[in-house]
Structures are given as structure tokens and as C-alpha cells.
Amino acid sequence: MIDLRSDTVTKPTAGMRQAMAAAEVGDDCYAEDPTTKKLEAKVAELLGKEAALFAPTGTMSNQLAIAASTQPGDEVILEAGAHIYNFEGGAMAALSSVQVSPIPTSDGVFTPDEVRARVRPEGDMYPHTSLVCMENTHNRSGGSLWPLAAMRAVADASRALGVRVHLDGARLWNAEVASGTSVKDFAACADSVSVCLSKGLGAPCGSLVAGSAELIKRARKLRRRFGGGMRQSGVLAAAGLYALEHHRSRLAEDHANARRLAAALAKLEGLAVDPERVRTNMVVVRLTAAGADAMGFAKKLREAGVLCNAIGPDTLRLVTHLDVSAAAMDEAARCFERVLV
Ligand SMILES: *Cc1c(COP(=O)(O)O)cnc(C)c1O
């Protein structure tokens, strides 16, 4: 079975498991886990922030940043397809009691003017706009990239209006490899940044949120409240450190595999795939036949040997990762061909 549902399906490699087994640990709620501290220091340094905090999931990292940067009743400006807004179980509303002002886009990238138009004026009548969120790479639109200049422009406009900026960088590592812009330069456009270890980097779980020392102090308290205070988390942090060392530059292979798959699928009758839009490790495929049913198609693909997710009535998403090879891309394209006839 070729599993292209997500880059979260990877299993820890032998080397990663060894690093986990050998990890020096302590109780992190007593600030006594040296491996967790090492990972937090490493990620803070990579992102150019004063501090970082380890969390079990990317959802928790994002929600810690939101809770630490807003008050109940505030408004958050974000892209309409944002993970934070659509795929985190309603956490913004449930945990932070904030509302959203969503910006619809085709590729996840919005403009300073769109932010300015949504920042609320002062006054009793209005919600207070406290945060703008960007997502790079942008999941919902197929792993698309924010160019650094576009991020800087939004950050400058937001800060000029006294609005804080959060970056959902679950796949910021992919953005770095695909664009050549460092994660540090991207992170400089935001006051808080979340990154995932369990996507393309291949760790079994784990994420970090980074920002000023003061913001991370508040996030640490909130992490406890949200139930994310962990004990001997060094076992997990060791997987993250291993992933950062060994799996960061190889993301380029995932991107090449995604391009290879897109090029093969673009040749097939009945599919619309734009290889130009494949910038990182995701391929979005539209079924062009009238009345096409993506869920039904995915079911048939499963029988043919490929797992993928339907992300719309006629749209599938394929994600490459550590556990699929270039040869598997060619095989996956042949499976599509068999289902199409
Ligand atoms: C995966 C992902 C997250 C975090 O998801 P978890 O499953 O909670 O780790 C956050 N943002 C984006 C854009 C993601 O793709």
C-alpha cells in the first residue's frame, strides 16, 4: 500500500528509535528534562526567538499562541482555509473565546490591504483585533508557499496597526527547503511561530511554539491548563532532535517526488493536475469527469494500492514523505491509470 494521505503517517526510523531509547530524561514539569530543554533551545535558536516550548501537537502549539496573544471577545484575522480555523476542532472559540475575520484566497496568501480592511477601529462597539495568522506552507491550498516579501508586507502592516502576528509553520521546514529562505527569516515576520516535528520531519509526535521569553512563559502556564504538561518528554524530544539533524535537508526529496507524481498524473485523461502549483510535498488532483466523486475514487484507489484523502467533492490530495520512494510515485500513477479506465 502506498500511503499518500499525509506526511504524518511516517514511522520512526531505526536511528530515531535508537536516539529515543538513549535519551536522557527527567520530569519536564519540574524543568528537569535535559533533552526537552535542548530541543527547545535548538528550535528557539533556529527560529531566532528568545524561547520555545515543546507541545504534543501542532494544534496545541497554535492554540497556545492564540490563547497567549488574545483576550476573550477579540478578533483574529486569518485565511479562510487556515488549519487553525478549520481543522483544530473549534479550539479558537472553545479555548480562547475569540472570533475570526477570514480572508478567502486561492493560494493561502493574502495582502496588507486585506489586513488593513479588516482591522477594527477603536470603540466600544467593535471587537478588538489582536492577531493576524499566516500559514506557511499553506496546507489547504496544497502546500503552497508564502514568499518572504509577502509575509514581511503583512507583518509590517499588522504591527503598524498594533496587531500581533502568528505564523502556523507546521511545514515551515518545507517552505525553507523549497524557497531557500531560512526558517529564521520567515519567523522574523511573526511574534509567535509554531513548527511541527511529526510532518515531513518524521518524528512520531511533537511540535514547538516559539516567541519572546514573556510570551513563552504565558504559553507554558497555558500548556499546563490545556493538559499538555509532560513528564519524561525527552523520549519524544530526542526524536525531534534526531529529525532536525537528519531529516531536514532530505525534504527536497519529498518535493521532487511530488513533482514526479504530478508530472505523471498530468498525462492521464480524466485528471486535472497543475505541476506548476506543486511547490512542496503535496499534489492536488481534480477529477474532470462530469459528476466525479472524489470519495468513491479514493475508495477504488485504495483497492488498487494507493491511500489518499478527498479534500473536496471532486478533489484529492496526495502527500509525499519519508516513507515513500520515487519508484512508489511511478507505481501510484499506474494505480490511478488502472482506476481511470
Ligand atoms: C498538521 C498541521 C497542524 C497541526 O496538526 P496536529 O495534527 O495537531 O499536529 C497545524 N497547522 C497546519 C497547517 C498543519 O498542517
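**Labels and their cut-offs**

Author: Let's start with histidine 247, which is found in the loop between α11 (234-246) and α12 (251-266); helices (H or I, at least four residues) and strands (E, at least two) are DSSP runs, numbered from the N terminus. Keep in mind that this is a predicted model, where local features need pLDDT of at least 70 and side-chain atom pairs count only at pLDDT 80 or more, while totals for chains, interfaces and linings use all residues. Residues are numbered from 1 along each chain as its sequence is written, and side-chain values use heavy atoms, with hydrogens and water left out.

Reader: Why does histidine 247 count as buried?

Author: Buried means under 20% relative accessible area, exposed means over 50%, and partly exposed is in between (1.4 Å probe, protein chains only). Histidine 247 has 5% relative accessibility, so it counts as buried.

Reader: What does histidine 247 touch?

Author: Not counting residues up to four places away in sequence, histidine 247 touches Thr13, Met16, Leu201, Tyr242 and Leu322, where contact means heavy atoms within 4.5 Å.

Reader: What makes the approach of leucine 201 to the side chain of histidine 247 a polar contact?

Author: A polar contact is a pair of N or O atoms within 3.5 Å; within protein, one must be able to donate a hydrogen and the other to accept it, and residues adjacent in sequence count only if both atoms are side-chain atoms. Here the backbone oxygen of leucine 201 is 2.8 Å from a polar side-chain atom of histidine 247.

Reader: And serine 144, buried or exposed?

Author: Serine 144 is in the loop between β5 and α7, and at 9% relative accessibility it counts as buried. A polar atom of its side chain lies 2.7 Å from the backbone oxygen of aspartate 107. Leaving aside neighbours within four places in sequence, serine 144 is in contact with Asp107, Asn136, Thr137 and His138.

Reader: How many aromatic pairs are there?

Author: Rings of Phe, Tyr and Trp (its six-membered ring) pair if their centres lie within 6.5 Å; planes under 30 degrees apart count as stacked, over 60 as edge-to-face and the rest as tilted. By this rule there are two aromatic pairs.

Reader: Why is the pair of phenylalanine 110 and tryptophan 146 called edge-to-face?

Author: The ring centres of phenylalanine 110 and tryptophan 146 are 5.0 Å apart and the planes stand at 90°, so the pair is edge-to-face. Phenylalanine 110 is buried at a relative accessible area of 2%, and tryptophan 146 is buried at 1%.

Reader: What makes the pair of phenylalanine 297 and phenylalanine 336 tilted?

Author: Phenylalanine 297 and phenylalanine 336 are 5.8 Å centre to centre with 40° between the planes, which is tilted. Phenylalanine 297 lies in helix α13 (residues 294-304) and phenylalanine 336 in helix α14 (residues 326-340), so the pair ties together parts 39 residues apart in sequence. Phenylalanine 336 is buried, with a relative accessible area of 0%.

Reader: Now the ligand: which residues surround it?

Author: Among them are Thr57, Gly58, His83, Asp168, Arg171 and Lys199; a residue is near a molecule or strand if one of its heavy atoms lies within 4 Å of it.
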